[in-house]
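Good morning, and thank you for making time for this presentation. I would ask you to keep the sequence and the model in view while I speak.

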Amino acid sequence: MRPSPRRDGEAGLVSRRGFGRLAAFGLAAGAGLVGPAPTASAAADGQDYYERARALAGDDPVLRALASALAPDVTFPDVPAPAPLLLFDDLALVSVGFVHAMALLTDDGIVLFDALRSPEDAEDVIVPGLRELGADPAAIRYVVVTHGHYDHFGGAQYLADRYGARVLMSPADWDLVAGSRPDNAPVRDLEIADGQRLTLGGTTVRFHHTPGHTPGTVSPIFPVRAGSDRHTAMLWGGTNPPGTLPELRDYLASIASFRGRMREAGVDVELSNHPNDYGLQRAEQLRERPDGANPFVLGRQRADRYMEVMDLMLRGRIADAEAAGG
């Protein structure tokens, strides 16, 4: 996703009224009501795949939200920023609403996945958010940029300059950023290779190239813990499908390869860096019932089904693109 920047002053913390808006968005997304209806060509060509994806999603709010997020011509409403939250004992969420950063807390420092939109977000959201959760932002050792869009790398250089964090991105997306020369682009630093492992404080993250959303999108798999329970999480690096047939086919191939890596690793936790997976609603459920079942733990079969829904929706997008002549 690469939405327009939020206007100043709009990002407040989630209130009870704000959560009601989130819940309404979740219901709309799950019912496939977000955004305008598909075009005639979509109904004629991709609709079979979309219907199969929605049937597979059934009543599952996470899978229903994903299917709606990947539908043609989808639009996303403005949503309020949630207060910082520990999703697991060692994984923190800090967010401005439409885009999130997540901090993996290890015994030897922090691995930060994405850095929001700007240096101001890093200073005003990431740093105080981590402190509010009892983590020291000075312990950020690495900033992993999942893909080269402004709302994922915007605060990275600020954190590198202030705390000495190293910034990682795939070579293709370092090139993407260098070619477009956007504001707040980080200085080129470490490159992520497909299958690369990063170990910090006994915690190992494995990175997988999943091109499609951008040429070098990266999706990590890593362990998380909740009390005595141990889980394996995935973070899909870029959800919004691209516009051309070759890119769509790359995206579909990435789904297949990453789905295999998920199965090998035993992934049972699904995460996203945008609110396209019922994630903000689940965060509020966790905040209200911290001693209940963690809603981000889907289980292996449901996590695999998540990828199957994604696969079907991308096949529909490809069918539409082919019908429209590419």
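I shall go through the sheet, the cores, a pair of helices and a hairpin in turn. Please bear in mind throughout that this is a predicted model.

I turn now to the cores. The largest nonpolar core has 33 residues, and those touching the most other members are Met-234, Met-307 and Met-310. Which elements give two or more residues to this core? They are helix 3, helix 4, strand 11, helix 9 and helix 11. Helix 11 provides the largest share, namely ten residues.

Met-307 deserves a moment of its own. Setting aside neighbours within four places in sequence, Met-307 is in contact with Met-234, Trp-236, Ile-255, Phe-258, Arg-259 and Met-262. Apart from this core lies another, of 32 residues, which includes Val-96, Val-99, Ala-135 and Ala-165.

One of the contacts of Met-307 is Arg-259, a residue of helix 9. Is Arg-259 buried or exposed? Its relative accessibility is 15%, and the limit for buried is under 20%, so Arg-259 counts as buried. Not counting residues up to four places away in sequence, Arg-259 touches Asp-304, Met-307 and Glu-308.

Next, a pair of helices. Two packed helices are described by the angle between their axes and the distance between the axes. For helix 5, residues 119-132, and helix 7, residues 156-163, the axes come within 8 Å and cross at roughly 65°. This crossing is right-handed. On the helix 5 side the contact is made by Pro-119, Ala-122, Glu-123, Ile-126, Val-127 and Arg-131, and on the helix 7 side by Tyr-158, Leu-159, Arg-162 and Tyr-163. These contact residues divide into seven nonpolar, three charged and no polar.

Finally, the hairpin. Strand 1, residues 85-88, and strand 2, residues 91-95, form a hairpin with two residues between them. Their pairing is antiparallel, over three bridges. Leu-85 has Leu-93 of strand 2 as its bridge partner.

Pro-290 lies in the loop between helix 10, residues 279-288, and helix 11. Although Pro-290 and Phe-88 are 202 residues apart along the chain, their C-alpha atoms are separated by 10.0 Å. With a relative accessibility of 55%, Pro-290 counts as exposed, since exposed means over 50%.

Methods. Residues are numbered from 1 along each chain as its sequence is written. This is a predicted model: local features need pLDDT of at least 70, side-chain atom pairs count only at pLDDT 80 or more; totals for chains, interfaces and linings use all residues. Side-chain values use heavy atoms; hydrogens and water are left out. Axes are lines fitted to C-alpha atoms, for helices over the stretch in contact, and angles run from 0 to 180 degrees between N-to-C directions. Helices (H or I, at least four residues) and strands (E, at least two) are DSSP runs, numbered from the N terminus. A crossing is left-handed if the near helix is turned anticlockwise from the far one by less than a right angle, and right-handed if clockwise. Contact means heavy atoms within 4.5 Å. Ala, Val, Leu, Ile, Met, Phe, Trp, Tyr, Cys and Pro count as nonpolar, Asp, Glu, Lys and Arg as charged, and the others, Gly among them, as polar. A nonpolar core is a set of buried Ala, Val, Leu, Ile, Met, Phe, Trp, Tyr and Cys residues joined through side-chain atoms within 4.5 Å. Buried means under 20% relative accessible area, exposed over 50%, partly exposed in between (1.4 Å probe, protein chains only). Two strands pair if DSSP finds at least two bridges between them.
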